[in-house]
Amino acid sequence: SKLDIWTTRVLLAPFADDGREALWDEALTLETGLDELDREPLAAATYEALPAGATSAKNFAAWGRSLKTALYQSITLDLMTYAALKLVSRPGEPEGDFRARVVQALREQRDLEVAKLKTRYGAKLQTLGDQLRRAQERVDREKTQAGQQKVNTVLSFGATLLGAFLGRGLARVGTVGRATTAMKNASKIGKERADVARAAESVEVLQERLNDMQQQFDAEVAALQEVAAPGTLDIETRTVRPRKSDITVGTVGLCWTPWRVAADGTAEPA
């Protein structure tokens with residue numbers, strides 16, 4: 001979890017009846033440090049006798065080892081996690097702050113993904129746009145050519161008819177030639193119209209492809225814009241244990257806790 005956190009605790013555990021074991025699972029966590037404990041009892045206080053096992057020095061090391069095991073098993077740190085982004089809360093971070101941090105990270109991820117989409121679609125949209133522009137220019141060019149061909153044909157037919165009415169002798173040969181040319185020009189009109197239709201059809205196909213791609217891009221961007229609200233995030237809890245090698249037991253010693261004895265002989269913690 002990339003944690004480097006040290007916690008110091010002072011635990012006060014009762015003995016087992018024979019004094020050979022310290023009952024760490026029943027230990028209290030003290031709010032004070034060892035140096036704040038009293039070295040002397042109150043006036044007129046007396047010490048209760050220790051159980052036999054508590055007076056053996058060799059048991060102190062065993063108590064330290066058992067404390068290490070108890071700490072490993074019982075002392076944990078709960079962290080909030082958001083698996084999708086592999087985010088982990090900081091120790092002590094309030095849940096609301098963590099959720100807000102996750103939402104901010106999601107927004108940043110969204111902006112990055114939108115930028116990637118723009119890069120990926122930008123070149124394709126630009127290419128289709130250029131193809132559409134060239135196709136439209138071709139339509140305009142074909143229309144111009146078709147219109148010019150129509151004018152030429154009209155002029156040619158006009159000259160042919162005029163020659164037929166006025167021409168005599170060899171002039172009629174020229175009239176026949178002009179008529180042939182006029183017929184050829186007329187046939188070209190149909191070809192030019194077909195070229196215009198094909199060019200217009202190409203424009204429609206490209207325009208449809210461009211619209212479809214733009215819609216696809218808009219849909220993917222819209223999907224990325226939907227960032228979850230903080231309260232709807234799927235937050236999980238991860239329990240972290242300390243490493244055994246990092247658990248250090250300091251002072252292990254004897255501590256008496258003060259009790260008061262009432263007149264009727266009952267005792268209670270002071």
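Of the contacts in the protein chain with a separation of 6 or more, 68% are between residues 24 or more positions apart. Keep in mind that this is a predicted model. The chain has 3 helices and 7 strands, and from the N terminus on they run β-β-α-β-β-α-α-β-β-β.

**Burial and surface**

- Out of 270 residues in the protein chain, 23% are buried.
- The chain exposes about 19,500 Å², and 54% of that comes from carbon and sulfur atoms.

**The largest nonpolar core**

- In soluble globular proteins, nonpolar side chains tend to be buried together.
- Here the largest nonpolar core has 9 residues: Met 80, Tyr 82, Leu 87, Phe 98, Val 102, Val 103, Leu 106, Leu 233 and Ile 235.
- Two elements give two or more residues to this core, namely strand S3 (77–82) and helix H2 (95–166).
- Helix H2 is the top contributor, with 4 residues.
- Take Tyr 82 as a way in: leaving out neighbours within four places in sequence, Tyr 82 is in contact with Leu 87, Phe 98, Val 102, Leu 106, Leu 233, Asp 234 and Ile 235.

- Thr 81 belongs to strand S3, and with a relative accessible area of 6% Thr 81 is buried.
- Setting aside residues up to four places away in sequence, Thr 81 touches Leu 87, Val 88, Phe 98, Asp 234, Ile 235, Glu 236 and Arg 238.
- Arg 99 sits in helix H2. Is Arg 99 buried or exposed? Its relative accessibility is 15%, and the cut-off for buried is under 20%, so Arg 99 counts as buried.
- A polar atom of the Arg 99 side chain lies 3.3 Å from the backbone oxygen of Leu 233; Leu 233 is one of the core residues.

**Aromatic pairs**

- A pair of aromatic rings is described by the distance of the centres and the angle of the planes.
- How many aromatic pairs does the model have? The count comes to 3.
- Phe 15 and Trp 63 are a tilted pair, because their ring centres are 5.2 Å apart and their planes are at 50°.
- Phe 15 is in the loop between S1 and strand S2 (28–30) and Trp 63 is in helix H1 (residues 58–74), so this pair ties together parts that are 48 residues apart in sequence.
- Phe 15 is partly exposed at 26% relative accessibility, while Trp 63 is buried at 3%.
- Tyr 47 and Trp 256 pair up edge-to-face, at 5.1 Å centre to centre and 80° between the planes.
- That pair links distant parts of the chain, 209 residues apart: Tyr 47 is in the loop between S2 and H1, and Trp 256 is in the loop between strand S5 (236–240) and strand S6 (259–261).
- Trp 256 itself counts as partly exposed, at 40% relative accessibility.
- Ring pairs also join Phe 15, Phe 60 and Trp 63 into a cluster.

**A charge over a ring**

- Where does the charged end of Lys 244 sit? It is over the ring of Tyr 72, 5.0 Å from the ring centre.

- Trp 6 is in the segment before strand S1 (10–12), and Trp 6 is exposed, with a relative accessible area of 61%.
- The side chain of Trp 6 makes a polar contact with the side chain of Asp 4, at 3.2 Å.
- Trp 6 and Ile 247 are 241 residues apart in sequence, yet their C-alpha atoms are 9.5 Å apart in space.

How values were computed:
Residues are numbered from 1 along each chain as its sequence is written. This is a predicted model: local features need pLDDT of at least 70, side-chain atom pairs count only at pLDDT 80 or more; totals for chains, interfaces and linings use all residues. Side-chain values use heavy atoms; hydrogens and water are left out. A nonpolar core is a set of buried Ala, Val, Leu, Ile, Met, Phe, Trp, Tyr and Cys residues joined through side-chain atoms within 4.5 Å. Buried means under 20% relative accessible area, exposed over 50%, partly exposed in between (1.4 Å probe, protein chains only). Contact means heavy atoms within 4.5 Å. A polar contact is a pair of N or O atoms within 3.5 Å; within protein, one must be able to donate a hydrogen and the other to accept it, and residues adjacent in sequence count only if both atoms are side-chain atoms. Accessible areas come from the Shrake-Rupley method with a 1.4 Å probe; for residues, only the protein chains shown count as cover. Rings of Phe, Tyr and Trp (its six-membered ring) pair if their centres lie within 6.5 Å; planes under 30 degrees apart count as stacked, over 60 as edge-to-face and the rest as tilted. A charge sits over a ring if NZ of Lys or CZ of Arg is within 6 Å of the ring centre and within 35 degrees of the ring normal.
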